Amino acid sequence: IDTVTLQLDFDNTKVQRDKLSLLQQWITIRNLGLLESDCNSSSHVVKYNVYYAGTILFTIHSGSTRIKDKLTNELVNQYYIRIRFAGLKRYNTKIDTLSRDILISICALLNTYKIKFRLIELDIAIDVNSKLDNVLVLCTKKSPKTEYYDLNQKQFYADTIYLENMKKEKFKKTVLRAYYYNKRLKERKSKNELGFDLTRFEVKLQTQYFKKYGFDVNVIKKALDRYHVMHFQNLSEKKEVIDKYLSYKCVRKREIERMNLGNYRLIPNMNVVKDFLDEIQRVNIVY
């Protein structure tokens, strides 16, 4: 589990302000980090960054949006607070442990005070101790309304390979998207040298997904099952798989079985996802 965003929804600004104040007090009293207002935030959104040793652990956005009322079908204001942890697994033991502990602490506060929240963003990753060249990911169950990159199609970034081919403005509107990249290089740019090769495959589940499916781990498993994440010790074997894949006009289940993709496939541990979802929904403050 990497990026996580929680959203709290309110009907009016008073309740929104009360809950924001409660959250700020919790962060301060529990010494969860240095809370600072982000001066660059727009007039419509109040933003706070929470730091530890100069690193942003998470952000808080408080604002409003226009939505359709389910009963009257008229546009009304919906007020929200978003709590976003952009990286629970950076391979910095101290920061990773602290980030996760703070997330659980905030969920305990919300659950104890019976403040409803929902997921609007969740990144689930498979990390492979390998160079990027030794990893191949195929979307073997494609969505009919989505365009995908061909295996031999050149992409913009040398160290990141996207599965879905879409413009940046559509990224946040899509239900899910996936890509894999050189995680060691990314961390190095953040001055965090891992000391070992690491490739990360990441599926991003976004707002529209959770509006439709909520916290259902079985549906999340189906989303992950759309992709075959594979590791090859031998690059010639990887090339053989790519050549076979490209030789088919349409890749169905029987073609996947003929290619023996299961010999190379890495299977995500769904217990990790289930345990995480259970914990954030059930944890309470222990007095």
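Over the ring of which residue does the charged end of Lys89 sit? The ring belongs to Tyr91, and the charged end of Lys89 lies 4.9 Å from its centre. A charge sits over a ring if NZ of Lys or CZ of Arg is within 6 Å of the ring centre and within 35 degrees of the ring normal. Arg82 and Tyr80 make such a contact too, as the table shows.

| Charged residue | Ring | Distance to ring centre |
|---|---|---|
| Arg82 | Tyr80 | 4.1 Å |
| Lys89 | Tyr91 | 4.9 Å |

Before we go on, please keep in mind that this is a predicted model, where local features need pLDDT of at least 70 and side-chain atom pairs count only at pLDDT 80 or more, while totals for chains, interfaces and linings use all residues. Residues are numbered from 1 along each chain as its sequence is written, and side-chain values use heavy atoms, with hydrogens and water left out.

**Rings that meet**

The structure holds 9 aromatic pairs. Rings of Phe, Tyr and Trp (its six-membered ring) pair if their centres lie within 6.5 Å; planes under 30 degrees apart count as stacked, over 60 as edge-to-face and the rest as tilted. One of the pairs is formed by Phe58 and Phe85, which are stacked with 4.7 Å from centre to centre and 20° between the planes. Phe58 lies in strand β4 (residues 55–68) and Phe85 in strand β5 (residues 75–86), so this pair ties together parts that are 27 residues apart in sequence. Helices (H or I, at least four residues) and strands (E, at least two) are DSSP runs, numbered from the N terminus. Both Phe58 and Phe85 are buried; buried means under 20% relative accessible area, exposed over 50% and partly exposed in between (1.4 Å probe, protein chains only). Elsewhere, ring pairs link Tyr162, Tyr179 and Tyr181 into a cluster.

**Strands side by side**

Follow strand β1 (residues 3–10) next: 7 of its 8 residues are buried. Two strands pair if DSSP finds at least two bridges between them. β1 is joined to β5 by 8 bridges, and the two run antiparallel; here Phe10 has Tyr79 of β5 as its bridge partner.

**The largest pocket**

A pocket is found on a 1 Å grid over the protein atoms alone, as an open set of points where a 1.4 Å probe fits, with protein on both sides within 12 Å along at least five of seven lines; lining residues have an atom within 4 Å of a point. The largest pocket holds about 1200 Å³ of space. Its lining has 34 residues, and Gln7, Arg82, Arg118, Ile120 and Thr207 lie nearest its centre. Two or more lining residues come from each of β1, β4, β5, β6, β10 (199–206) and α5 (207–213).

Lys47 lies in strand β3 (residues 46–52) and counts as partly exposed, at 22% relative accessibility. Lys244 lies in helix α7 (residues 235–247) and is partly exposed, with a relative accessible area of 41%. Lys244 and Met259 are 15 residues apart in sequence and 7.1 Å apart in space, C-alpha to C-alpha.

Methods. Grid points are joined across faces, edges and corners, and a volume is the space filled by probe spheres set on the points.
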